Amino acid sequence: MTASQRRWFVAALGLLTVTLLVGVTVGPAGLPWHAPVTDLLNRLPNVQIGDRLTEQQSAILWQLRMPRVVLGALVGGMLAVAGAGYQGVFRNPLADPYLLGVAAGAGLGATLAIVGGAGVAVLPVAAFAGGVAGVGATYALGRTAGGRGTHSMILAGVAVAAFLTAVQTYVQQQNTDVLRQVYGWILGRLLTAGWSEVLTVLPYVIAATAVIVMHRRLLDVLSVGSAEAGTLGVQVARVRLIVVLAATLGTAAVVSVSGLIGFVGIVVPHLVRMLAGTSYRVILAVSFLGGGAFLVVADMIARTIAAPAELPVGVITAFVGAPFFVLVLRRSRRAW
Amino acid sequence: MSTLTTEHVAVDLLGKRVLEDVSLTVRSGSWLTLVGPNGAGKTTLLRAITGAVDYGGQIELDGDPLRGLRERERARTVAVVPQMPVRPEGMTVQDYVLLGRTPYVPYFGVESAEDLAVTGELIGSLDLRGLEARPVTSLSGGEFQRAVLARALAQQAPVLLLDEPTSSLDLGHAQQVLELVDDLRRQRDLTVVAALHDLTTAAQYSDRLALLVAGEVVAEGTPADVLTEELVSRCYGASVRVVSDPDTGIVVMPVRSSIGSES
């Protein structure tokens with residue numbers, strides 16, 4: 001990383017830290033912003049800073065708010081890194097983590113689970129399985145249709161997504177009693193039961209992000225196109241497959257617990273590109289941190305703006321993200 | 001030593017034979033230019049040498065077949081200056097030249113001090129000093145072509161392939177780039193294979209020419225052997241005058257047939 005790239009990394013890390021701290025303290029039960037830090041320090045022997053939290057406050061902080069913001073950071077970070085990875089391997093600015101049918105597959109899986117009356121525990125598993133099956137179908141179709149090219153893969157993704165969405169809509173219309181529940185899931189939400197969701201997605205997020213970040217230099221080489229990258233010694237097809245696989249698994253894992261939160265995978269990597277530069281050495285790391293911060297803030301707005309009701313966070317990411325993105329796009333002269 | 005040979009090379013693309021029985025030898029440190037009309041198979045032959053297309057026959061470097069080399073080994077053996085190199089948005093000249101070190105950087109790794117030293121030296125010798133931090137999208141055509149050359153040379157491959165390296169350059173910049181390649185070839189004992197449209201330029205810079213028509217080698221030899229009025233007129237369907245002058249070398253001039261018939 002260059003000095004300027006390091007500065008962006010540090011700035012994004014600072015932003016995420018601040019949003020995490022603010023995120024846990026915003027809500028009906030008011031907590032001071034420094035509560036997480038002082039509460040931790042107060043657990044040390046012979047330390048007493050300010051008033052100790054009551055047992056109830058402590059439970060709200062560590063069992064309700066903290067898992068929720070941490071999950072938000074993981075989901076936002078994963079979607080942003082996966083989006084950046086897709087954009088890199090497909091050299092397409094419109095590529096997002098849902099490109100190859102993962103969203104449609106997960107949507108169908110979740111709908112079937114809800115219609116079937118499955119419990120909260122089964123829904124993520126069904127969504128994950130649906131997402132992976134959707135991408136699997138896209139991959140199989142793309143391979144048979146057009147060989148090595150990326151266009152055939154993207155078009156296969158469009159076809160698979162349209163097909164699965166049609167099936168999902170049909171199932172949903174046949175079961176209008178669960179319409180609201182299905183719709184709520186599709187719009188995305190970060191309601192959690194606690195730390196279990198965090199622990200479920202954590203290994204996937206760590207593994208997928210690590211794999212994508214390890215390909216940062218090769219993604220930079222791919223920016224000269226697959227033909228030139230090939231003459232520079234890159235096994236383009238293999239790099240593409242590994243990055244897509246990692247991004248897809250990570251995305252399927254996070255949407256299985258959060259629903260289909262849109263826009264993060266496109267808006268965050270593009271913002272990072274415009275601000276911090278076009279090298280994947282900086283895009284991937286800063287997108288992860290920035291995506292996490294973005295979703296934590298969006299979730300904060302989602303649960304406070306219409307309190308005590310809660311808006312789906314996907315509505316906020318698009319409602320806030322789209323105008324902001326247009327603003328930055330207009331101010332930036334850099335083409336993709 | 002790095003003598004490149006192609007033996008009975010044949011290539012089929014989409015069921016159509018585009019190269020047939022191409023057998024050529026490029027001696028170590030020499031410059032062979034492929035000439036021929038559009039669609040003759042010049043670029044396809046270069047792509048076969050880089051392994052980008054499947055081929056029949058054999059392509060060897062000092063008797064060792066290139067087929068079967070892994071991508072990284074091949075990129076250390078053969079470097080390419082493409083016809084229309086992509087200018088990646090936002091990438092600096094420094095990072096662009098460093099792309100040439102890809103076959104030396106471990107799969108998950110980053111560039112070593114040696115990689116930086118190699119590219120630093122090339123940036124100096126190709127007159128790119130002072131431009132390192134500029135985005136490649138802001139360079140002039142001539143500057144960018146030097147950056148592309150620097151990237152190819154950073155691969156430290158004994159074989160350098162040039163696919164129409166001057167097609168987007170004006171006369172002066174085209175000359176500069178070819179002089180530069182010729183100097184580098186002598187300094188580094190590079191084996192150069194180029195595809196060029198301009199026959200006069202090809203004659204001036206090449207040790208030998210191979211004239212391809214419809215995928216086959218029609219003539220191969222020194223520029224004087226290959227560039228005869230009869231052969232060029234027939235193969236290109238053009239009306240030309242070939243002038244050989246001790247001062248200028250061989251000059252191939254297009255002639256309008258109406259003007260030619262009047263004189």
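**Confidence, a buried strand and the chain contact**

In this predicted model, chain A has a mean pLDDT of 85, with 95% of its residues at 70 or more.

Still in chain A, G314(A) sits in helix 14 (residues 313-331). G314(A) counts as buried because 22 other C-beta atoms lie within 10 Å, where the cut-off is 20 or more. Beyond its neighbours within four places in sequence, G314(A) is in contact with L187(A), G188(A), G259(A), L260(A), I261(A) and G262(A). T231(A) is another matter: 83 residues separate it from G314(A) in sequence, and 42 Å in space, C-alpha to C-alpha.

Over in chain B, strand 7 (residues 159-163) has five of its five residues buried, so it is largely enclosed by the rest of the structure. V159(B), L161(B) and D163(B) point one way from the strand, while L160(B) and L162(B) point the other way. Strand 7 of chain B runs parallel to strand 6 (residues 78-81), joined by four bridges, with V80(B) opposite L161(B). Strand 7 is also parallel to strand 8 (residues 191-195), this time through five bridges, and here L160(B) stands opposite V192(B). Together with helix 6 (residues 171-188), strands 7 and 8 of chain B make a right-handed β-α-β unit.

As for how the chains meet, 22 residues of chain B are in contact with 20 residues of chain A. Helix 2 (residues 71-77) of chain B gives the most to chain B's side, with four residues. That side of chain B comprises 13 nonpolar, four polar and five charged residues.

Key
Residues numbered from 1 in each chain as written. Chains lettered and ligands numbered in written order. Predicted model: local features only at pLDDT ≥ 70, side-chain atom pairs only at ≥ 80, totals over all residues. Contact = placed C-beta atoms within 7 Å. Helix = DSSP H or I, 4+ residues; strand = E, 2+ residues; numbered from the N terminus. Nonpolar A, V, L, I, M, F, W, Y, C, P; charged D, E, K, R; others polar. pLDDT = per-residue confidence, 0-100. Buried ≥ 20, exposed ≤ 12 C-beta atoms within 10 Å, placed from the backbone. Pairing = 2+ DSSP bridges. Right-handed = clockwise from strand over helix to strand, strands pointing away.
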